[in-house]
Amino acid sequence: APHVTQLDEVDLTELEAFRRSIGDESRDRGIKLSPLHFVMKAVAIALHEFPDMRSSLAPGGEELWVKDYIHLGIAADTEHGLVVPVVRDVDRKGLFTLAEELADLASRARARRLGPSDMQGAVFTISSLGGIGGTAFTPIVNRPEVGILGLSKLEVRPVWNAGLDPGAEGGAFEPR
């Protein structure tokens, strides 16, 4: 599979504000919502809009098989190596359910209790180096999938925005 790496940055200020606003409900449910759970939902929406990204090449190479489901592989680093458990029907689940399921899969991955069916059927994978750090990386497509999203560590930093305050001369710094 040919690989292409596209790097970009995203401003998550509003997402983080929303995540904090539902923090009490998260705590009441005993769930920790991370940005990854929101990214999973965003990827599910994008896969609906761009169905070729949830496809695979037929064995003869003449046809593209578009899957009618959205199961996401979520790469998990364990002391025994990298595994990619699959969260099924991400498009049909809410954030709290996704958080519960992903926490269960991660726990079973660390305990080496994932079965083959727990790691099969993904149409797209998300790999996150947030816990490790770094600013960018090139994840490897998990065939027969046609794409993978690599996430790096979130950071807060000032960003120059000349249009932030139209009345200010020369612009302003904005924390992000």
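The following dialogue works through selected features of a predicted model.

Trainee: Which conventions apply to this model?

Mentor: This is a predicted model, in which local features need pLDDT of at least 70 and side-chain atom pairs count only at pLDDT 80 or more, while totals for chains, interfaces and linings use all residues. Residues are numbered from 1 along each chain as its sequence is written, and side-chain values use heavy atoms, with hydrogens and water left out.

Trainee: How many helices and strands does the protein have?

Mentor: Helices (H or I, at least four residues) and strands (E, at least two) are DSSP runs, numbered from the N terminus. Here the protein has 4 helices and 10 strands. Their order along the sequence is α-α-α-β-β-β-β-β-β-α-β-β-β-β. The C-alpha trace spans about 60 × 45 × 30 Å along its principal axes.

Trainee: What share of the residues count as buried?

Mentor: Buried means under 20% relative accessible area, exposed means over 50%, and partly exposed lies in between (1.4 Å probe, protein chains only). By that criterion, 34% of the 176 residues count as buried.

Trainee: How many salt bridges does the structure hold, and where does Glu16 find its partner?

Mentor: A salt bridge is a side-chain nitrogen of Lys or Arg within 4 Å of a carboxyl oxygen of Asp or Glu. The structure holds 8 of them. Glu16 pairs with Arg19 at 2.8 Å, N to O. These two residues are 3 apart in helix H1 (residues 13-21), and so are separated by about one helical turn. Glu16 counts as buried because its relative accessibility is 16%, whereas Arg19, at 21%, counts as partly exposed.

Trainee: Which residue meets Asp104 in a salt bridge?

Mentor: The partner is Arg108, at 3.1 Å, N to O. Both residues belong to helix H4 (residues 95-110), where they lie 4 residues apart, about one turn of the helix. Arg108 is buried, with 18% relative accessible area, and Asp104 is partly exposed at 39%.

Trainee: Which residues make the nonpolar surface patch?

Mentor: Patches are made of residues with over 30% relative accessible area and no salt bridge: like charges are joined within 9 Å, and nonpolar side chains (Val, Leu, Ile, Met, Phe, Trp, Tyr) within 5 Å. Accessible areas come from the Shrake-Rupley method with a 1.4 Å probe; for residues, only the protein chains shown count as cover. In this model, Phe50, Met53 and Val146 make a nonpolar patch of about 250 Å². Phe50 sits in the loop between helix H3 (35-49) and strand E1 (55-57), and is partly exposed, with a relative accessible area of 49%.

Trainee: What lines the largest cavity?

Mentor: On a 1 Å grid over the protein atoms alone, a cavity is a set of points where a 1.4 Å probe fits but cannot get out; lining residues have an atom within 4 Å of a point. Grid points are joined across faces, edges and corners, and a volume is the space filled by probe spheres set on the points. The structure holds 1 cavity of 30 Å³ or more, and the volume of the largest cavity is about 30 Å³. Its lining consists of Arg54, Ser55, Ser56, Lys67, Ala122, Val123, Pro144 and Glu145.

Trainee: Where does a cis peptide bond occur?

Mentor: A cis peptide bond joins Arg143 and Pro144, with omega about 15°. Pro144 is also one of the cavity-lining residues, and lies in the loop between strand E7 (124-128) and strand E8 (148-151).

Conventions:
1 Å grid on protein atoms, 1.4 Å probe; cavity = no way out; pocket = protein on both sides within 12 Å on 5 of 7 lines; lining within 4 Å.
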